[in-house]
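This briefing goes through one protein chain by topic. Please have the sequence and the structure open while reading.

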Amino acid sequence: MRLQRLRAGHAHRCANRCGSRADRRPDEHAGAADRSTNRCAHRSTNGCADRCAHRWNNRRYLGPKGFAAVQVSPPNEHALIRQSNGNYPWWERYQPVSYSIDKSRSGTRAEFQDMVTRCHNAGVDIYVDAVINHMTGGGGMNSEGGFFHGSNGSPYTKYNYPGTYSANDFHTCHSDISNYNDTGNVQSCELVGLADLNTGSDYVRTTITNYLIGLANMGVRGFRVDAVKHISPTDMAAIADKVNAAVEPDPYYFQEVIDNGGEGVHASDYFGISNGQGDVTEFRYQDKLSKKFLNAPFPGGHETIAELRTFGESWGLMPSDKTIVFTSNHDTQRGHAGGAAFISYHNGRIEDLASVFMLGWPYGYPSIMSSYAFDDSTSTGTDAGPPSDANGNTNSIYSAGSNTPSCFDQTPGVGWVCEHRWRPIGNMVAFRNYTNAAWHVDNWWDNGNNQIAFSRGDRGFVAINREDGALSRTFQTGLPAGVYCDVINGDFDATAGTCSGPTVTVDASGSASISVGGMNAVAIYGGAKLAAP
Ligand SMILES: [Ca+2]
Ligand SMILES: [Ca+2]
């Protein structure tokens, strides 16, 4: 988290993300072909379908769709920050008060455990957003004359969290980070005023480690390490090693490093974590991809998606097998991560098409944001937490008595957007899993502007039309002859071998006559081939 735009005290928010860790490295495909990460920021209340920022529960969708995992919001006790409008901002969860998971805005320990278990049973891992660089930005006496308490009732003041940390557990620099070229300053001073833990001390490392081990013992399989750019790689390595020594299998770590270049800390500083198994977020991916899909202007022209033909490491991005990629996350969708461009669900079809590209393109481990609705035009709106009760407890995404989550409502304050359930995005997860076995791009075609197509060996084919007019032509798909379900505009029923929407017929030479509507896409793959008549 970087939060240059946030004032003292606050870090980001977690919107819901739902992603797809369909995987990304050729040598890893066999074992990970069913990967996909779904990150959410809802509250978690139920099963394993979409969870995240929901309450600790919801399910029944992620496993069948092929999602590998869900990234959930920080589950530990957090600051309760009530703004003058009565809102509890999302970023209060990025201010730990203790590592108890007995009560957060998403629910209780029992609810969290139930979610982890349900997801595990559905073949979906849970990744916890681990906030371990810092504690709170404030605390002490509140305006009513009482003391601040965290979500589980623990009293605290900045630098003193009874039972967890006291003053000598923090770095001695008590001022804000002031020089991003100075690694020591970035890692030992305060990120937007948040009390910075002395992660070099054995006591602090052990306390953090015990928190992570406890989660792993509950069935959590991975950690998104928040703000790791502000923790030295030495300290992070020591923490991961302690956790790994205590649990089997070793958890998966992916680390948040916003590295847009030109600073003292580099994403590559963290590649060695967890015996070289740690991954890192690639914020430049979403920045560069967003500019193409937004057709960002430059003097004399604008960027186009045809330019994505070589997208990947040759653009200066991290090695694919070290990278977490996303079209948007909870920070970028609010303009909080320093990138020049960003897209989100507010961009409608552009978010769909960019996600189709990401899931179809062999680079990185994709993560899909699953948001709640918010007003992106004001700071009040971008601060807003998920739909909550008057005390800041996140609402269930399920209405009373319903097993169907309340998705697809973009009304700020009440709606859950659930991008991971948008048909093109949800169905492309299985496409990615199926095409992992062909980790290369073939038959690239573009019109020099905003219409592109490519195949993935003989396993899948995608055409994306980010123009208003229709795209109709005969494509070389690379696929074996047959009738395929266009999973962007219909759903494939694997049991019946039928498609609820349009189909594409591929002839014996691999060619197919395909028409792609304006601002639409077509995707076909071997796992969604209709039964022979
Ligand atoms: Ca630090
Ligand atoms: Ca181990």
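Helix α8 is followed by Asn295, whose phi is positive, near 55°. The model is predicted: local features need pLDDT of at least 70, side-chain atom pairs count only at pLDDT 80 or more, and totals for chains, interfaces and linings use all residues. Residues are numbered from 1 along each chain as its sequence is written, and chains are lettered from A and ligands numbered from 1 in the order in which they are written.

**Overall make-up**
- The protein chain has 11 helices and 24 strands; helices (H or I, at least four residues) and strands (E, at least two) are DSSP runs, numbered from the N terminus.
- Of the 533 residues in the protein chain, 56% are buried. A residue is buried if 20 or more other C-beta atoms lie within 10 Å of its own, exposed if 12 or fewer, and partly exposed in between, with C-beta atoms placed from the backbone.
- Among contacts in the protein chain with a separation of 6 or more, 69% join residues 24 or more positions apart. Two residues are in contact if their C-beta atoms, placed from the backbone, lie within 7 Å.

**Helix α8**
- Helix α8 spans residues 283-293 and is mostly covered, with 10 of its 11 residues buried.
- The buried residues of α8 include Phe283, Tyr285, Leu289 and Phe293, and also Arg284, Lys288, Lys291 and Lys292.
- The cover over these buried residues includes β10 (279-281), β13 (323-326) and α9.

**Packing of α9 and α11**
- Helix α9 (residues 349-360) packs on helix α11 (residues 423-435) at an angle of about 10°, with their axes 9 Å apart. Axes are lines fitted to C-alpha atoms, for helices over the stretch in contact, and angles run from 0 to 180 degrees between N-to-C directions.
- That angle makes α9 roughly parallel to α11 (under 35 degrees; over 145 is roughly antiparallel, 65 to 115 roughly perpendicular and the rest oblique).
- On the α9 side the contact is made by Asp352, Ser355, Val356, Leu359 and Gly360; they meet Pro424, Ile425, Met428, Val429, Phe431 and Arg432 in α11.
- The residues of this contact divide into 7 nonpolar, 2 polar and 2 charged. Ala, Val, Leu, Ile, Met, Phe, Trp, Tyr, Cys and Pro count as nonpolar, Asp, Glu, Lys and Arg as charged, and the others, Gly among them, as polar.

**Nonpolar cores**
- The largest nonpolar core has 123 residues, of which Val356, Ala463, Ala521, Ala523 and Ile524 touch the most other members. A nonpolar core is a set of buried Ala, Val, Leu, Ile, Met, Phe, Trp, Tyr and Cys residues joined through C-beta atoms within 7 Å.
- This core lies between domain 1 (12-134 + 198-431) and domain 2 (440-528), because both give residues to it; the domain bounds come from an automatic or database domain assignment.
- Another core, of 10 residues, lies apart from it and has Ala373, Phe374, Cys407 and Val417 among its members.

**Backbone features in loops**
- The peptide bond from Glu248 to Pro249 is cis, with omega near -10°, and Pro249 sits in the loop between α6 (233-246) and β9 (252-255).
- Cys418, in the loop between α10 (379-383) and α11, has a positive phi near 55° without being a glycine. Cys418 counts as buried because it has 28 C-beta neighbours inside 10 Å.
- Met519, in the loop between β23 (511-516) and β24 (520-525), is not a glycine either, yet has a positive phi of about 50°. Met519 counts as partly exposed, with 17 C-beta neighbours inside 10 Å.
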